[in-house]
Every structure is written in structure tokens, then in C-alpha cells.
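Please consider the following structure and the way in which its parts pack against one another.

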Amino acid sequence: MTTYIAAIDQGTTSTRCMIFDQRGAVCGVDQREHQQIFPRPGWVEHDPSEIWQRTQEVIAGAMQQAGITRAELAAVGITNQRETTVIWEKRSGQAIHNALVWQDTRTSSIIRELAQDGGTDRFREQVGLPLATYFSGPKLRWLLDHVEGARQRAEAGELLAGTIDSYLAWWLTGGPNGGLHITDVTNASRTMLMNLATCEWDAEMLDVMGVPRALLPEIRPSSQRYAMCVDGLAGVPLAGMLGDQQAATVGQVCFEPGTAKNTYGTGNFLVLNTGDRLVQSQHGLLTTPAYQLDDKVTWGLEGSIAVTGSLVQWLRDNLGLISSASEIETLAASVADCGDVYFVPAFSGLFAPHWRADARGVIVGLTRYANRGHIARAALEATAFQTREVVDAMAQDSGVALKSLRVDGGMVANELLMQFQADILGVPVIRPVVAETTALGAAYAAGLAVGYWSTLDELRTNWQADRTWEPQMSQDERDSRFARWSQAVSRTLDWEQDA
């Protein structure tokens, strides 16, 4: 009997299930959006029960489209939006509050308090991360401090907490009836609570953040036969778990030190494989496990950019500049260049390499000459400029100059953006045949754990380039445009006085 691997890709705006065969080809897919909840400016929430409902729906939908039953699945893997944090009741599975999404900035006062003694890099050597609203630990503290009775219930052992991978794994393996409370090393590393040296929860960080150890899941490798699923996937091993950007690193088969991928989604996330070297960044990047296969952790440097694809959604939903996301390329192509308009989308502050919570979005260079096409083009170019900032920081930290960039995610279908990305970086940009490599990476992790694939070489063989964009811009123009972007970035700073 032919068998397949399923991957659950739980993202910021939607949940998807994809079915893959041995060659890494997509045999079935289903995807459904979930509500984005904005209670106040800077606050972003998701309903965990809706996410679980969508997860069950897309599993059934993908299997139906592939024309298979659960008996034909060798394993299932999970990949997920990272940092998004939820606390739920052990007895019922009911969340005590909506999930706090990675973009949420309500923990800024906690960050300021913690940074008073040692600055934003106070814990960077321990956890690989700066103090920022982005990460899960401060979100857990906020929930425990602001949901009535939460801290007392947590200390009494009545509650469980984790990132979305943990929440889904618990439900998939039984929920209130013996569900497994686990996470993997990549997701754990995004909490500010995991010690990089040991890959275990750090007692000092738990104390600093005020998070009871009993709340947290067990940290496991990214590829392991964890447990059997129940209900719609009954009898199928749950065998892979990776945060979305690390999953894309695996899906892009970036297994050698010096290889890098960039995922273009709600935000952009560039990961460079540093192999056995745990590199402490001096230039605003995050030190992170790229993946853990068996007992071996492979390390990486990551540049996290908050707003890229979500800027296109903002132009559609908030301004009505376009009626669908796909229209952005046509509108941007209606003008020859950006007309000296620059758009810095610091809606949640600036992430890598700046880490400035006080920044807010700006559009600069507006004249009567500028039209909606120039704004659309500036919005697309913002994604490429922010990527260039991260690539430059990675070269400074690692001493390795990028020779090419493997790209994936929804925005890589935008050919105007991909050409500009190659132009502003000065290196080839390569899109693979399977552009949704986040789900593919989760499938690879699960398949390796159950022997569906035996070696990394098998996965390398599956990878194929679909298109390559070569740089066409002169070095002088590249330098001039990037300098103009940097000038625009400086205009975003010191706006939010309380950040």
C-alpha cells in the first residue's frame, strides 16, 4: 500500500493541512482562515478553540482531496506560528483567554521593567533573544497576572500553557483524556524560558518571568515518534514538530552550514544554518536551534521581520487600495519605480536587526507626483529592504557572505518582488518547485522519525529549483536605494513614548 505523510501548518492567518508523497510532492491540501481579533491598538489575539476546529476541518479536507484514509498515513507533523501563547484548562481543554499572538505588544511595560537592570540584551547569552514583546515568556506572565485566578490555578496544577504546537499536540493525542503535553526545541527556544546550553527550561528565567514550571510542556527533539493520534487521525503517529521558520529551513534542505532560506509570509523570517556553532549575535539577530534530529541540535541565526505579507493585507483591508492580495503586483507594476516613496511598516515596532519597540510605521517622500501605484510598489520594496538589513547583519555575525537566497512562502509568487529582492541583495534568488516549504519541513521531520525517509540525502534529492532571479541593478543604484531606505527607517524611531 502506498503511504503518505500529513503536515499540519498552523499559521498566523490560516490553518492548512498538506499531504505529501515520498518525492515531496503535494497530493492534497485544504486551508481555512481564522479570525484576527484586535481588542485595542497593538493587541492581537486568536481564539484557540477556533484554531482547533479549523485544524480538524483541514485534516479531513486534505485527506478527502488526496483521496486517502488515515490508514494510508505513515505519520503526521506539526508546524506552527511561533511565540503565540495560550493557557488552557487541563480538565476541559478550554482556554482561559484568547491566545496572545506573536505580533501583540501589550507586554511592553513588562519588557521595560525587565530591561531596567541590564538592558534589552540582559538575557541574550542564556536564551539567544533580546527582551521584546515578540516572545512567549512575557505573554505568559501577562496572562497569569491579568486573568482572574490564573496564577493560583497554575500553581495548583489545573492549567497547561504553551505555544500553538503544544496546544494542537495535546488535542491530537487525546486532549483531556491523556493528551501529551510537549513542545520541540525550536518552539521552546522562542519563549525566553529555554536555556540554549542545556535545551531545557531555565530556572532563573522561569523565576524572572513568574511562570510556574508545572504549566510548561516537556521539550522534545523536532523529529521523534511522540505518540499516536486519536479521533480523525486515530492510529497515526505524531512524529514531527517544528516552529514554522525552522520547518521551512528543513523543507528547503538547508542542512549545511552557510545555507540560508527566507520565508515570505505574514512577516519575513530569514534563517542561516550555522551548524554545530552556537553563534551569539552582535548585530540584532536571534540565536536559535534550526532543528534537532535525534540528540543533535543544529544551530542557526535568524532575522525576524514583523510586517511583510500583512502589509499587503493592510493595504487591502484598512485602506481599500486593492480588493485582493494578488492585485498588488499589477498595481505596483503600473509605475516604473517607487517615485522616491518609501514605506516602513513598523506597525508593531521594528524587529530584526533594530529591535525598536518605539518605532511606528511611516510613508515618506510623498509629493503630488505620487499615486497609488507608487505606494503599492513602496510596500513591496519594503519587504526586500528589510530582508537586506537582515542579510547584512548575518554577514557581520557569521563572517559568511551570502551567495544565493532560497525563498518560499506565499509572496514568492510575486515576480516583481522577487526581482527587486535579487537586485537589492546583489545575489540570485531561487524559488523551489514546492514553495510552501514550511509544511514540507514538518512532513520531513515526521517522515524521518518513522523511517518513511531514511537519510537527509533523500530529502536533498527531492529539492528542485523552479525559477532563479539574477540581480540586474548596478551597485551604485543598489547602494543609493538602500541608503534612502535607511533614511526612511530613521524617521520611524522615538514615536511611541511608552514603548
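In this predicted model, Tyr-134 has contacts well along the chain from its own position: leaving aside neighbours within four places in sequence, the residue touches Arg-82, Glu-83, Trp-102, Lys-139, Arg-190, Phe-269, Leu-286, Glu-302, Ser-304, Phe-351 and Trp-355. Tyr-134 also belongs to the largest nonpolar core, which has 107 residues, and together with Leu-193 it touches the most other members. Helix H12 supplies the largest share of this core, namely eleven residues. A separate core of 34 residues lies apart from it and includes Ile-19, Trp-52, Leu-160 and Tyr-226. In soluble globular proteins, nonpolar side chains tend to be buried together.

Thr-12 is found in the loop that links strand E1 (4-10) and strand E2 (14-20). Beyond neighbours within four places in sequence, its contacts are His-34, Gln-36, His-46, Gln-81, Val-101, Trp-102, Gln-103 and Thr-266.

On the H12 side the contact involves Glu-381, Ala-382, Phe-385, Gln-386, Arg-388, Glu-389 and Asp-392, and on the H16 side Arg-478, Asp-479, Arg-481, Phe-482, Trp-485 and Val-489. Classified by type, these residues comprise seven charged, five nonpolar and one polar.

Methods. Residues numbered from 1 in each chain as written. Predicted model: local features only at pLDDT ≥ 70, side-chain atom pairs only at ≥ 80, totals over all residues. Heavy atoms only, no water. Contact = heavy atoms within 4.5 Å. Helix = DSSP H or I, 4+ residues; strand = E, 2+ residues; numbered from the N terminus. Nonpolar A, V, L, I, M, F, W, Y, C, P; charged D, E, K, R; others polar. Core = buried A, V, L, I, M, F, W, Y, C linked by side-chain atoms within 4.5 Å. Buried < 20%, exposed > 50% of the residue type's maximum accessible area, 1.4 Å probe, protein only.
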